[in-house]
Amino acid sequence: MESRQLEGRWRGRAPGRVNLIGEHVDYMGGVVLPAAVDRHTEVTGHPASEWAMRSNVQGGLAYVRAVGEELGVAPQSVEVTSEVPPAAGISSSAALLIAVAVGLRPEMDGKQAALACQRAEQRATGVQVGVMDQFASALGRRGHALLLDCTTLEYQAVRFPDELAIAVIDSGEHRSLAATPYNQRRHEAESGDPKRRRHIDSEIARVHAFVNALHARDFDELGRLLKQSHESLRDDFEVSTPTIDALVEKAWASAGCCGARIMGAGFGGSVLALVEREHTKAFGASIGRPVMFCATADGAYVAAT
């Protein structure tokens, strides 16, 4: 069990996530392909007179309070420990929100928990985030990516090859989404700006092509699609930076790397790379930045059943 309630005390645990492909399309109702990963946030809590939090990562109290209020829960005192690095593109915020939700409401439907946590994050930050991060943290499956239709919330597990490792490369550039043009990019896409729409439409097509390549175990095609995704995010959606672009090109040139791209909301953060497992050590040594190699994991509401 990933949650436990005893005499008012409770515990919840939830993973971070990577998004293999399908960036900036979740809030447009497109399809995305995230995977929960084996870096977790754990929360313990109990009822209190007011919301309070102790954590090795700062700034989470607004999230905890927002999800508690969204779930209709009285104030809690919580303690948080996390392996999910903040501002690194693997959604530390969703891991925290889902960990609180599964701790307080383990019987809740995973889809509904994800939607409640999405609303909570929007309330806590003022950023109109999509549902992908919370959905992956709640309902991801070990050994798989999750093909999610963000309009219908229908999803299916897609086998992820054992031969490939997921590498998350820290660019060293970190900014809060609220301090970036994230909301502006979303507004431009929703308003039909041609460049932004070109990215949205082409990225949705790449998600479907990527799933087909996974089924076919065509690693060269996976890499080609990741490269196209980065170029689209750089040129059409304009969420990359010179530092990120240089890091992506360095990853592309490294032996054993199938492909790489900027990941997350952009404007800094991390680079995603798919690397043949036999080359992970050499890849990590060649990049010159911290690299975290991840495996897929069960989401909080999958693990709690």
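## Ground rules

Residues are numbered from 1 along each chain as its sequence is written, and side-chain values use heavy atoms, with hydrogens and water left out. Since the model is predicted, local features need pLDDT of at least 70 and side-chain atom pairs count only at pLDDT 80 or more, while totals for chains, interfaces and linings use all residues.

## The nonpolar cores

Let's start inside. A nonpolar core is a set of buried Ala, Val, Leu, Ile, Met, Phe, Trp, Tyr and Cys residues joined through side-chain atoms within 4.5 Å. "Buried" means under 20% relative accessible area, "exposed" means over 50%, and "partly exposed" is in between (1.4 Å probe, protein chains only).

The largest core has 64 residues, and those touching the most other members are V43, V67, V100, I169, A273, F283 and Y301. Helix 2 (residues 92-104) gives this core its largest share, 8 residues. Helices here are DSSP runs (H or I, at least four residues) and strands are too (E, at least two), numbered from the N terminus.

Helix 7 covers residues 219-235, and its 17 residues should span 24 Å at 1.5 Å a residue; the end C-alpha atoms are 24 Å apart, so the two agree. (The expected span is 1.5 Å times one less than the number of residues.)

Which residues of helix 7 are buried? They are F219, L222, G223, L225, L226, S229, H230, S232 and L233. These buried residues pack against strands 2, 8, 9 and 10, and against helices 6 and 8, where contact means heavy atoms within 4.5 Å.

## Rings and a charge

The structure holds 3 aromatic pairs. Rings of Phe, Tyr and Trp (its six-membered ring) pair if their centres lie within 6.5 Å; planes under 30 degrees apart are stacked, over 60 edge-to-face, and the rest tilted. F135 and Y155 are edge-to-face because their planes sit at 70 degrees, with centres 5.2 Å apart. This pair links helix 4 to strand 7, 20 residues apart in the chain. F135 is buried at 0% relative accessibility, whereas Y155 is partly exposed at 39%.

F283 and F293 also form an edge-to-face pair, 6.4 Å centre to centre with 65 degrees between the planes. F283 counts as buried at 0%, and F293 is partly exposed at 26%.

Finally, K227 lies over the face of W252, 4.9 Å from the ring centre. A charge sits over a ring if NZ of Lys or CZ of Arg is within 6 Å of the ring centre and within 35 degrees of the ring normal.
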